[in-house]
Protein chains: 6
Amino acid sequence: MSYARTTCFSGYCWGLDESQVIVLGAPLEETTSYRPGTRFAPRAIREASAYIEYWSLRGKLDVDEHVRFYDAGDALVEQPLEKALEAIGDAVERLSGVGKPLVVMGGEHTITLGIVEGLVRAGYKPCMVQLDAHMDMRSEYAGRRVSHATFARLVVSEVGVPVVLAGVRGFVREELEFARANHVPVIDAHRLQDESVAAVIPAVSKLIEKSVCNHLHLTLDMDVVDPGFAPGVSNPEPEGITPRILLDIVFEVARLAVLRGMSLSMDVVEVSPPYDAGGVTSVLAAKAIVEFAAGVVAARSSAR
Amino acid sequence: MSYARTTCFSGYCWGLDESQVIVLGAPLEETTSYRPGTRFAPRAIREASAYIEYWSLRGKLDVDEHVRFYDAGDALVEQPLEKALEAIGDAVERLSGVGKPLVVMGGEHTITLGIVEGLVRAGYKPCMVQLDAHMDMRSEYAGRRVSHATFARLVVSEVGVPVVLAGVRGFVREELEFARANHVPVIDAHRLQDESVAAVIPAVSKLIEKSVCNHLHLTLDMDVVDPGFAPGVSNPEPEGITPRILLDIVFEVARLAVLRGMSLSMDVVEVSPPYDAGGVTSVLAAKAIVEFAAGVVAARSSAR
Amino acid sequence: MSYARTTCFSGYCWGLDESQVIVLGAPLEETTSYRPGTRFAPRAIREASAYIEYWSLRGKLDVDEHVRFYDAGDALVEQPLEKALEAIGDAVERLSGVGKPLVVMGGEHTITLGIVEGLVRAGYKPCMVQLDAHMDMRSEYAGRRVSHATFARLVVSEVGVPVVLAGVRGFVREELEFARANHVPVIDAHRLQDESVAAVIPAVSKLIEKSVCNHLHLTLDMDVVDPGFAPGVSNPEPEGITPRILLDIVFEVARLAVLRGMSLSMDVVEVSPPYDAGGVTSVLAAKAIVEFAAGVVAARSSAR
Amino acid sequence: MSYARTTCFSGYCWGLDESQVIVLGAPLEETTSYRPGTRFAPRAIREASAYIEYWSLRGKLDVDEHVRFYDAGDALVEQPLEKALEAIGDAVERLSGVGKPLVVMGGEHTITLGIVEGLVRAGYKPCMVQLDAHMDMRSEYAGRRVSHATFARLVVSEVGVPVVLAGVRGFVREELEFARANHVPVIDAHRLQDESVAAVIPAVSKLIEKSVCNHLHLTLDMDVVDPGFAPGVSNPEPEGITPRILLDIVFEVARLAVLRGMSLSMDVVEVSPPYDAGGVTSVLAAKAIVEFAAGVVAARSSAR
Amino acid sequence: MSYARTTCFSGYCWGLDESQVIVLGAPLEETTSYRPGTRFAPRAIREASAYIEYWSLRGKLDVDEHVRFYDAGDALVEQPLEKALEAIGDAVERLSGVGKPLVVMGGEHTITLGIVEGLVRAGYKPCMVQLDAHMDMRSEYAGRRVSHATFARLVVSEVGVPVVLAGVRGFVREELEFARANHVPVIDAHRLQDESVAAVIPAVSKLIEKSVCNHLHLTLDMDVVDPGFAPGVSNPEPEGITPRILLDIVFEVARLAVLRGMSLSMDVVEVSPPYDAGGVTSVLAAKAIVEFAAGVVAARSSAR
Amino acid sequence: MSYARTTCFSGYCWGLDESQVIVLGAPLEETTSYRPGTRFAPRAIREASAYIEYWSLRGKLDVDEHVRFYDAGDALVEQPLEKALEAIGDAVERLSGVGKPLVVMGGEHTITLGIVEGLVRAGYKPCMVQLDAHMDMRSEYAGRRVSHATFARLVVSEVGVPVVLAGVRGFVREELEFARANHVPVIDAHRLQDESVAAVIPAVSKLIEKSVCNHLHLTLDMDVVDPGFAPGVSNPEPEGITPRILLDIVFEVARLAVLRGMSLSMDVVEVSPPYDAGGVTSVLAAKAIVEFAAGVVAARSSAR
Ligand SMILES: [Mn+2]
Ligand SMILES: [Mn+2]
Ligand SMILES: [Mn+2]
Ligand SMILES: [Mn+2]
Ligand SMILES: [Mn+2]
Ligand SMILES: [Mn+2]
Ligand SMILES: [Mn+2]
Ligand SMILES: [Mn+2]
Ligand SMILES: [Mn+2]
Ligand SMILES: [Mn+2]
Ligand SMILES: [Mn+2]
Ligand SMILES: [Mn+2]
């Protein structure tokens with residue numbers, strides 16, 4: 001005795017076994033310094049996902065025909081921060097173990113630290129591609145060592161994950177120096193907008209080859225997009241990329257990972273619904289997840 | 001392998017068997033003539049329900065300690081209107097058959113026609129208490145015979161349900177005449193605000209005694225409340241009652257039905273989240289459901 | 001060859017000859033010091049007027065059955081302020097000459113100065129009832145002699161109109177002293193909320209008797225209502241009256257004027273749609289106009 | 001005795017005889033499945049039209065100097081859907097008979113079916129250019145055969161109108177197959193953004209030549225534009241075109257029709273003011289109507 | 001060389017020496033579980049304070065004539081929570097030492113713990129009056145021992161401050177039991193609305209007499225007011241008190257303290273501007289500070 | 001005894017002597033004809049400035065390391081308009097005399113007339129670069145000779161300042177003719193978007209050479225940007241430039257002035273926070289000020 005729910009990603013509540021892609025919410029909001037609201041993002045992205053179209057111009061296919069999403073609900077986010085990151089990591093550890101592409105919907109960017117730790121605990125050797133207006137590589141921020149402004153430094157220096165960073169335009173000197181010292185390739189926002197996917201894929205390919213990673217994690221801070229197209233973020237920063245370039249990169253990164261025989265995951269973070277005028281940021285975030293799935297399907301089709 | 005969801009009413013997803021009250025969504029929006037948005041109400045009320053407190057000043061008890069809600073999700077609302085009302089009626093028929101108090105979250109007021117038809121199909125003989133700024137007893141509205149402005153006439157004349165109507169202040173002459181001709185007691189908004197529950201309970205008692213109904217259905221059009229306290233409705237009409245009087249009536253009606261040994265149900269309709277400035281209407285709607293449950297618990301406690 | 005418009009007050013575009021009440025817009029916004037937006041009020045009130053109900057609980061009648069509104073459109077509001085006030089005055093002069101009750105929708109409160117000057121030019125001897133959170137009797141404000149904060153002083157001292165002032169709670173000493181020196185009865189907000197219409201009608205009656213006015217003008221600054229019920233105003237001031245008391249006064253003042261054989265007019269000012277969360281202030285403003293018409297109809301019916 | 005109104009398109013209420021372009025509202029909202037609000041669009045577009053500038057960079061001319069708009073008001077939109085479409089068709093039949101370019105402001109996209117039927121009843125043989133993120137060529141949607149998601153299929157298969165479709169990015173396989181089977185040229189969003197007007201005009205020219213149509217109808221679903229520039233639509237879909245390309249196409253299509261000696265019309269649909277953050281979508285819709293008029297003027301000037 | 005600023009409380013930036021009342025901001029937001037935004041409250045309350053009127057109906061005086069506010073700016077709120085509370089406490093310690101009434105604008109309710117600790121460090125023996133919809137006396141909340149839902153328990157049990165609690169309607173059993181066990185008088189929301197200041201002053205008088213406190217601190221959680229009048233709060237809870245009763249209590253408590261020869265302070269917390277539809281909550285918060293000052297002035301005048 | 005404030009530009013309140021760039025607010029809003037709200041812009045831009053990043057991709061430097069901003073507060077804006085413009089001019093006269101780059105945050109565009117008059121009174125010979133969707137060169141507007149739609153004509157014809165105008169797309173014939181007759185180079189919006197800074201710098205260089213100005217003033221009407229990126233303006237006009245081109249021009253114009261040894265200033269006007277969906281316009285305005293400072297720093301560095 002059960003009636004239709006519209007609260008799972010895509011509007012359908014498929015079971016884990018019948019699914020091709022897994023979706024998890026992580027509504028963490030603890031270190032947000034400016035505009036609050038990321039705690040409401042998983043809900044808003046799920047809602048948007050029920051209404052957008054699932055055709056992919058890039059894959060020339062209807063994602064709806066190929067992918068059923070399993071929505072695992074939200075990880076339990078409780079105080080203190082360490083406990084929340086651990087809960088997110090535990091969920092990722094178990095869900096990534098299933099061997100299907102996994103998408104996590106934040107929440108603030110700090111969740112990515114929990115995610116990569118979960119991947120490592122699950123036995124993966126992840127490489128990470130970070131699309132972000134910021135570097136998130138400070139040594140400390142607002143009195144915290146672990147925060148949305150420091151997490152990527154910890155991913156590199158403590159978890160030991162190789163990273164490619166693209167779309168940046170707002171950072172401080174210590175972040176730039178950390179990136180250089182740690183051999184993190186940095187593609188700034190102007191170059192990313194001008195060269196698009198052509199600036200990213202070679203860097204990712206090189207990273208994969210150089211490192212010995214067997215898993216690709218794409219972390220998508222929605223503030224990498226221009227505030228005109230994605231106003232609903234915690235820290236809007238002018239001069240971001242267009243949605244088309246964002247989706248090009250998401251599709252190609254997913255495709256690359258599958259073609260290389262790697263397992264893969266993605267997170268979409270920093271969406272802040274209270275500031276999302278017209279709801280366009282949630283819609284774009286949902287579309288990015290669809291295009292991620294399209295990249296997976298396209299790669300598998302071409303592989304056949 | 002499943003993580004915490006916050007999308008069930010009360011924030012917890014209890015099973016049907018372990019529950020004391022059942023909740024169902026009916027996001028119907030088809031005949032709304034003025035401010036649209038009731039389609040989003042079940043989602044908004046569920047969200048509000050996860051954050052408010054469950055203490056009842058009237059019952060002097062914590063509803064959380066006594067009631068677990070089973071959230072049956074949303075009834076499938078599809079075109080045409082008749083099909084949607086039938087689907088709502090089917091859900092109500094089955095869920096009311098379980099023998100636990102049932103709450104339906106609209107959607108527009110038209111769902112109440114589907115609900116009472118479902119109750120009748122389940123074998124109940126319902127009486128209805130309608131709290132509303134309007135009578136909803138027109139013979140036709142905007143070219144439609146079945147609509148949010150006509151449903152109560154059909155409940156009376158076609159389904160044959162005895163009705164008490166309270167809180168009205170906006171109507172036309174044919175509605176007033178229909179009510180009189182059909183012996184519907186009408187308590188207007190001024191009197192309801194002045195006399196509160198004392199104006200309602202005697203009328204309901206008399207209705208129950210006079211009729212041979214064994215089930216009490218309370219239909220709560222949130223526009224009965226003053227727009228200052230409930231701005232998020234399709235048709236705001238000044239001079240409504242205060243939240244305190246609303247909750248007094250909800251509590252006492254629920255209590256009365258249980259004390260009389262009747263089965264009972266409620267619907268909460270016409271909430272329009274896009275117009276719900278500050279979210280206060282959804283919060284009040286959620287609280288009304290909690291106070292309904294409190295009335296049930298209080299009656300059962302006193303009965304013991 | 002013409003299709004339905006919904007842009008006249010009440011949703012119907014009646015001709016002047018077939019009408020019983022005249023409505024005029026005066027979207028003046030020039031001296032507003034705090035929250036802007038009154039320029040959009042006539043549009044918003046017209047929109048609300050097309051959807052609310054026209055039943056009057058006070059008159060026990062459907063205003064729709066008795067009153068057709070002629071909507072004269074908006075007076076041409078142009079720079080400088082003097083020119084705009086003159087245009088409003090000219091419109092009022094001509095429209096009031098028709099001999100039907102006239103309602104002007106502001107715009108900022110300064111329009112009332114133009115209105116009473118127009119009434120005087122049309123040959124009337126007006127008395128004025130002002131419902132307002134403020135006195136608007138400063139000698140100067142923000143460098144201006146004529147403004148929304150000074151107009152009432154000019155109405156009294158320059159146009160020579162006797163005034164009753166009710167609902168006030170925000171003012172400075174010089175205003176209080178001016179009111180006292182000029183024999184303006186002042187009913188503060190606490191007393192108005194406690195005594196309602198009973199505090200107003202005797203004062204108005206005395207004013208009419210003492211003066212030799214043959215026309216009653218009611219000026220309704222919507223900030224007289226509590227911001228909880230009327231958030232969409234330029235200068236929200238806590239502790240206002242409830243909508244029910246507002247409508248009681250509007251109805252009774254209109255009724256009184258007709259019963260005394262006086263001609264009458266009203267303005268509704270200071271509504272600021274950009275701040276009107278949930279649209280409830282425009283709805284209440286529209287309802288006040290309906291209840292004004294109801295008072296007229298009720299008086300005429302009882303007179304027969 | 002009449003005062004200035006600002007409720008006609010362009011802010012001026014010209015008569016039919018003195019006008020060069022006719023504007024009609026069609027606030028139909030009946031089959032909208034996702035974000036409601038198109039019922040309020042004609043009002044919002046008229047408001048925006050009173051404030052924007054009328055210079056055309058493309059035509060190098062001030063539209064205000066050449067075009068007076070006759071605003072015919074809104075077609076009467078009543079239940080059921082068939083009746084509403086017929087009323088819209090009747091209005092179009094009569095107004096298009098006047099022989100002046102006609103613009104219809106929706107409302108949802110379904111109105112276009114009524115419009116082309118009206119054009120046919122008026123004796124025209126229309127061809128249609130559709131700018132849309134979607135194909136609107138489903139065989140059924142949400143239980144309806146006639147809806148905003150199916151109307152274009154009916155325009156092609158039942159009314160027999162040849163169509164060019166541009167800007168699409170969200171659709172399902174059956175729509176793509178229908179378009180192919182019916183020889184509908186489809187220019188997807190990526191190609192439209194890359195090639196702009198150069199992708200459209202040859203397709204339209206070929207259509208005109210191949211078919212024997214003597215009237216060109218341009219239907220403009222505002223969701224063809226990227227949600228960053230046009231958030232206020234029912235179904236936002238990422239990766240739309242820029243406003244500049246939109247206006248290029250509108251101008252050139254209007255110009256082409258006049259140069260070919262064809263009569264012409266346009267509709268602008270799917271604007272949803274409640275979601276129109278900052279009001280930019282209504283402004284763009286109004287500008288599209290101005291640029292349509294500019295295209296007409298430019299063609300006539302060059303023809304002389 | 002300095003120009004007019006409008007960013008100090010009251011719109012004027014007076015010096016400490018020339019001031020009669022001190023204002024401090026404490027934009028702490030760290031443990032907020034539901035609706036975020038209290039971090040923006042000091043800014044919003046300051047803005048509102050520059051526009052409201054300073055007349056007090058209760059004191060029959062213009063506060064502007066008697067009180068100049070010194071705005072000390074915002075305390076530095078940094079991670080972790082303990083450090084922020086200490087910074088707030090330090091500021092309070094120093095500012096309260098000046099011997100003038102002090103008002104702190106939150107921020108979440110947790111700041112009150114820092115405030116009372118600062119008062120104690122400054123050598124005061126404070127008693128506290130808490131107006132709140134909630135008790136804030138849980139032993140733990142969302143994994144935290146110190147939070148907006150636990151602070152009052154710590155104020156009582158760890159700082160040893162006697163408390164009177166009024167306006168409550170949402171709480172759990174352990175809070176009620178803690179209050180009883182610790183002799184905290186509890187006036188629930190229904191009683192507070194019915195009896196108003198008459199329910200509070202005797203309880204406060206008794207508290208002062210029974211205890212040996214020489215300082216009175218009034219903590220005002222704006223959610224004590226009904227959400228219809230104060231929508232902009234983190235945790236809206238229906239059935240709150242009206243603004244008039246709130247201001248009655250604020251005025252009388254301030255007056256009482258001065259008449260008893262006690263020093264005094266107040267905080268206004270939990271205002272959440274992003275949810276403050278129409279800005280009415282910030283306006284009411286600013287007015288409460290004005291009425292607090294009025295109470296002080298009135299007491300001193302009567303004392304003379 | 002003073003605590004951290006966040007109300008100065010950049011979030012830090014530096015003294016005049018220790019500063020490198022001066023910021024002044026001018027919240028004038030008097031002649032705004034369409035969407036009000038520019039009175040709130042200085043406050044909103046200051047708030048945004050406290051959160052954005054200060055890295056400049058163009059200068060490859062952190063502005064925070066080189067520039068401390070002195071925030072002079074707001075000029076006192078009082079009635080009548082002439083007095084307000086004089087007050088703004090006086091502030092500019094004194095602050096520009098300090099010899100540091102000066103930025104004025106409007107307010108409506110009319111303030112620029114006051115600014116250039118102040119510059120002239122301070123002894124400068126200014127040239128002006130105007131980025132604007134409009135020309136602002138009408139001879140009269142809405143009954144006013146001095147307004148946001150006429151100010152640039154007065155700057156040219158009465159103050160005698162040479163002007164370059166770029167980004168225009170909305171104007172009337174008399175403005176175009178005035179520009180031509182007065183040798184004002186005009187770069188329209190299409191050309192500015194296509195050629196970017198390459199279209200502007202040569203025109204500015206020529207202007208500087210041809211004229212004998214020793215000061216460069218850049219006036220930035222935010223409506224020059226496309227409404228998709230800058231919705232929060234009084235008069236949104238489609239087809240504006242992108243943020244990247246805007247910032248390119250701001251940076252290069254500032255750099256050019258310093259390299260030529262000229263003193264320089266900028267204003268940022270027409271931001272309307274009530275319409276600034278998602279706050280993105282204020283963020284972009286704040287960033288433009290940062291990039292202006294970056295241009296100054298970059299020029300000085302290269303000069304060394
Ligand atoms: Mn970021
Ligand atoms: Mn990030
Ligand atoms: Mn109703
Ligand atoms: Mn109803
Ligand atoms: Mn007032
Ligand atoms: Mn007033
Ligand atoms: Mn579409
Ligand atoms: Mn369409
Ligand atoms: Mn509370
Ligand atoms: Mn509290
Ligand atoms: Mn402009
Ligand atoms: Mn300008």
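Trainee: What makes the crossing of H8(D) and H9(D) right-handed?
Mentor: In this predicted model, the crossing is called right-handed because the near helix is turned clockwise from the far one by less than a right angle. The two elements are helix H8, residues 197-210 of chain D, and helix H9, residues 243-259 of chain D, which pack with their axes 10 Å apart.

Trainee: Why are H8(D) and H9(D) called roughly parallel to each other?
Mentor: Their angle is about 25°, and angles under 35 degrees count as roughly parallel, so the term applies to H8(D) and H9(D).

Trainee: Which residues in H8(D) and H9(D) meet?
Mentor: From H8(D) come D:Val197, D:Val200, D:Ile201, D:Val204, D:Ser205 and D:Ile208, and they meet D:Asp248, D:Ile249, D:Glu252, D:Val253 and D:Leu256 of H9(D). Sorted by class, this contact has eight nonpolar, one polar and two charged residues.

Trainee: Turning to chain F, what makes residues protein donors of the manganese ion (ligand 12)?
Mentor: Donors are N, O and S atoms within 2.8 Å of the metal, and F:His109 (ND1), F:Asp132 (OD), F:Asp136 (OD) and F:Asp221 (OD) lie 2.1 to 2.2 Å from the manganese ion (ligand 12), so they qualify. Along the chain, the donors of this ion follow the spacing H-x22-D-x3-D-x84-D. F:Asp132 also bridges the manganese ion (ligand 12) and the manganese ion (ligand 11), which lie 3.2 Å apart.

Trainee: How do you know whether F:Asp132 and F:Asp136 are buried or exposed?
Mentor: Buried means under 20% relative accessible area; F:Asp132 has 0% and is therefore buried, and F:Asp136, at 5%, counts as buried too.

Notes:
Residues are numbered from 1 along each chain as its sequence is written. Chains are lettered from A and ligands numbered from 1 in the order in which they are written. This is a predicted model: local features need pLDDT of at least 70, side-chain atom pairs count only at pLDDT 80 or more; totals for chains, interfaces and linings use all residues. Side-chain values use heavy atoms; hydrogens and water are left out. Buried means under 20% relative accessible area, exposed over 50%, partly exposed in between (1.4 Å probe, protein chains only). Axes are lines fitted to C-alpha atoms, for helices over the stretch in contact, and angles run from 0 to 180 degrees between N-to-C directions. Helices (H or I, at least four residues) and strands (E, at least two) are DSSP runs, numbered from the N terminus. Angles under 35 degrees count as roughly parallel, over 145 as roughly antiparallel, 65 to 115 as roughly perpendicular and the rest as oblique. Contact means heavy atoms within 4.5 Å. Ala, Val, Leu, Ile, Met, Phe, Trp, Tyr, Cys and Pro count as nonpolar, Asp, Glu, Lys and Arg as charged, and the others, Gly among them, as polar.
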